[in-house]
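Welcome, and please open the model in your viewer. Let us walk through it together, one selection at a time.

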Amino acid sequence: MIDLEKEKERVILVGVSLTDQEDTRKSLEELKELVSTAGAQTVGYVVQSREQMHPATYVGKGKIAEIKDLLWELEATGIVCDDELSPVQMKNLQDELDVKVMDRTLVILDIFAARASTSEGKIQVELAQLKYRQTRLTGFGTAMSRLGGGIGTRGPGEKKLEMDRRLIKNRIAQLNRELRDVKRHREVTRENRSRNRVPVAAIVGYTNAGKSTLLNQLTGAGILAEDKLFATLDPTTRERKLPGGQKILFTDTVGFIRKLPHHLIEAFRSTLEEAKYSDMIVHVVDASSRQMDEQMHIVYETLQNLGITDKPVVTVFNKTDRPDSDSLAKDLRADYTVRMSAKNGEGVDEFLKTVEAVLRQQKVYIENLYTYQETSKIQMIRRYGELQSEEYREDGIFVSAYVPEEIYQKVKKGQGK
């Protein structure tokens, strides 16, 4: 019987250490996971310490010779560089090594393309891929047939280059129009939420920290949650009732990662902006990761780049059921921290009480006596606020509650004991 199974690509990871060799090693370990998620196998590593990356070939000539020998020795089919290569660097490396040359950005884009399932996700990924390709067309133009300059002397390579450039430009314009429509739809949805006065908590974190698992645990969303990088890309919003009775919306967002390609950040900006318009940030951290501190730093750095700096943050140290989780983990930038296992539900009650406490800080405490003709106001408090107690008296209902400021103006009439 003929085995038709696709042969797995064997790649060598290449990194340049500009400052700390240890940081480069950690970055390459993460790149290994990315490569595995993309469906290839890592068979070797090459790291070069340099003051700066080689502008023409990423690494120096000596390392290129070493990579050549390693490719032959390990029967590798390509290399993956840990940084985004310029068009010139990629072309020169391909010419020198005569194998497939990829970079971190290309691998991440490939994973995103495989994982995108909704129309919005597919538009965003295709847009990022085309922008990446657009910047590389010129770099490879010289490799195509070109007869010379001037009218009537343009070769087929130059013509193809111009056609590709025009096609990509037109497609990018079309995708941008589609994305604007999606963004308008998202803004309408956001306005409806705001009108209904339901608070929103955006779940952010490093990829594979357990954001989707947390959302499933809280709301029974049933979304894909695997122990893989970028298991889910498309944002999901689900409702949950808090212990005090108030409803809240939890929104899952795309995971962050070190050296996240700027094309992706731009393409996914409308998705990531869910965090910008939320009432609080739920920062999920993998407490069992040896790179936990660096991952937290990257998440805060990405949030800052997106202009999200003024939201209360609840950090969830997840995966506490694992024996290697850090029981002393701290996040000095968070307003609250909670230890949890989103997988088995341990710590969920404490987390929900913490979320309630954060929302309470954004509310006004009232003690009002409402007549029996004003029960509609109590219903409004139940729906949008947090009812602490109600006491039925002869002259009305005495209520103590926390209510949002915009609701306070509508229910404060009749205040008194």
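Start by selecting K100, M102, L106, V107 and D110: of the 25 residues that line the largest pocket, these lie nearest its centre. A pocket here, found on a 1 Å grid over the protein atoms alone, is an open set of points with protein on both sides within 12 Å along at least five of seven lines, and a lining residue has an atom within 4 Å of a point. This is a predicted model, where local features need pLDDT of at least 70 and side-chain atom pairs count only at pLDDT 80 or more, while totals for chains, interfaces and linings use all residues. Residues are numbered from 1 along each chain as its sequence is written, and side-chain values use heavy atoms, with hydrogens and water left out.

Next, colour the elements that give two or more residues to this pocket's lining: α1 (21–38), α3 (87–97), β4 (100–103), α4 (104–115) and α5 (119–141). Helices (H or I, at least four residues) and strands (E, at least two) are DSSP runs, numbered from the N terminus. Which element gives the most to the lining? It is α5, with six residues. The pocket holds about 600 Å³ of space, a volume being the space filled by probe spheres set on the points, with grid points joined across faces, edges and corners.

Now select α1 and α4 together. Their axes come within 9 Å and cross at roughly 40°; axes are lines fitted to C-alpha atoms, for helices over the stretch in contact, and angles run from 0 to 180 degrees between N-to-C directions. The crossing is left-handed, meaning that the near helix is turned anticlockwise from the far one by less than a right angle (clockwise would be right-handed). On α1, show S27, E30, L31, L34, V35, T37 and A38, and on α4, show R104, V107, I108, D110, I111 and R115: these make the contact, which means heavy atoms within 4.5 Å.

Move on to helix α2 (residues 61–74) and α3, which pack at an angle of about 55° with axes 10 Å apart. The crossing of α2 and α3 is right-handed. Select I64, I67, K68 and L71 of α2 with L93, E96 and L97 of α3 to see the contact.

For the last stop, select F112, F230, V254, G255, L260, L264, I265, F268 and L272, which line the largest cavity. A cavity is a set of points where a 1.4 Å probe fits but cannot get out. About 40 Å³ of space lies in this one.
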